[in-house]
Amino acid sequence: MGSSPHISIHEREKEISNMEAYRSYTISYAYHALTILLGLLFLSNFHITLASTPSTTTKNYKTYIKTACKSITYPTECNNDLLPFAYKIEANPQKLCNTALSVSLKAAKNCSSTISKLSKNQGLTKSEVAIIKDCIVNVKDSIDQLNQSLSAMEQLGSSNVKAQIDNIKTWVSAALTDETTCTDGFTGMTVSNTTKNTISSSILSVSKRISNALALINRFYPN
């Protein structure tokens with residue numbers, strides 16, 4: 001009979017120790033691999049959720065703006081102008097009015113540029129030259145008043161709020177008057193359709209924005 005191989009106790013203990021180390025390594029590797037996999041799945045679902053589901057907060061901000069725009073004269077322009085700034089405006093009346101004034105100021109500056117370019121056209125009648133000149137002055141005054149309003153709205157609360165709001169309303173109302181005064185000059189004057197339509201459409205665009213800004217200020221800051 002052949003004799004069975006003899007394994008010493010020391011060798012047996014070493015073999016058991018190696019097996020336990022291997023098992024420990026395998027478990028540790030599997031644990032880390034599972035952790036990484038779960039992390040990747042979480043990130044994937046997180047990005048999918050962000051991409052497919054609009055932020056509830058942003059939705060609330062937009063609802064706030066839409067509600068504010070419902071009760072004013074030009075709601076379509078109000079929504080188009082302010083909704084892109086929903087995250088900036090949040091649900092803050094001061095930020096809402098401030099943004100409305102910023103939009104009005106930008107429109108007034110665009111209007112000023114349009115009318116100034118119109119003044120360089122060849123073949124203008126004396127009446128057209130006079131009307132354009134007056135419009136440029138009126139729009140410039142409007143820009144100055146909107147700048148004052150915007151500055152005061154940004155600093156609202158640093159002193160007497162009621163007095164600040166009264167000043168803002170006065171400046172915005174004056175800015176609106178300056179814009180509409182521009183087109184009043186057409187009455188009884190010989191003006192080409194091109195000149196009249198260019199000025200009228202540009203002034204109307206500004207007037208709508210200023211009117212909306214004033215309406216929002218009156219709504220959120222009543223006397």
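Let's start with cysteine 135, which counts as buried because its relative accessibility is 0% (buried means under 20% relative accessible area, exposed over 50%, and partly exposed in between, with a 1.4 Å probe and protein chains only). Before going on, a word on what you're looking at: this is a predicted model, where local features need pLDDT of at least 70, side-chain atom pairs count only at pLDDT 80 or more, and totals for chains, interfaces and linings use all residues. Residues are numbered from 1 along each chain as its sequence is written, and side-chain values use heavy atoms, with hydrogens and water left out.

Back to cysteine 135, which has a partner: a disulfide joins it to cysteine 182, S to S 1.7 Å (a disulfide is a pair of cysteine sulfur atoms within 2.5 Å). Cysteine 135 sits in helix 6 (residues 126-154) and cysteine 182 in helix 7 (residues 161-184), so this pair ties together parts that are 47 residues apart in sequence. Helices here are DSSP runs of H or I with at least four residues, strands are runs of E with at least two, and both are numbered from the N terminus. The torsion about the S-S bond of cysteine 135 and cysteine 182 is about 100 degrees, so this disulfide is right-handed. Cysteine 182 is buried too, with a relative accessible area of 3%.

By the distance rule there are two disulfides. If you number the bonded cysteines in sequence order, the pairing reads 1-2, 3-4.

Serine 202 belongs to helix 8 and is buried, with a relative accessible area of 12%.

That brings us to how the helices pack. Two packed helices are described by the angle between their axes and the distance between the axes. Helix 7 and helix 8 (residues 193-220) pack at about 160 degrees, with their axes 9 Å apart; axes are lines fitted to C-alpha atoms, for helices over the stretch in contact, and angles run from 0 to 180 degrees between N-to-C directions. Helix 7 and helix 8 are therefore roughly antiparallel (over 145 degrees; under 35 is roughly parallel, 65 to 115 roughly perpendicular, and the rest oblique). Among the residues that meet are Cys182, Leu176 and Val172 in helix 7, and Ile203, Ile210 and Leu214 in helix 8.

Now look at helix 5 (residues 93-118) and helix 6, whose axes come within 9 Å and cross at roughly 160 degrees. Helix 5 and helix 6 are therefore roughly antiparallel to each other.

Technical notes:
Contact means heavy atoms within 4.5 Å.
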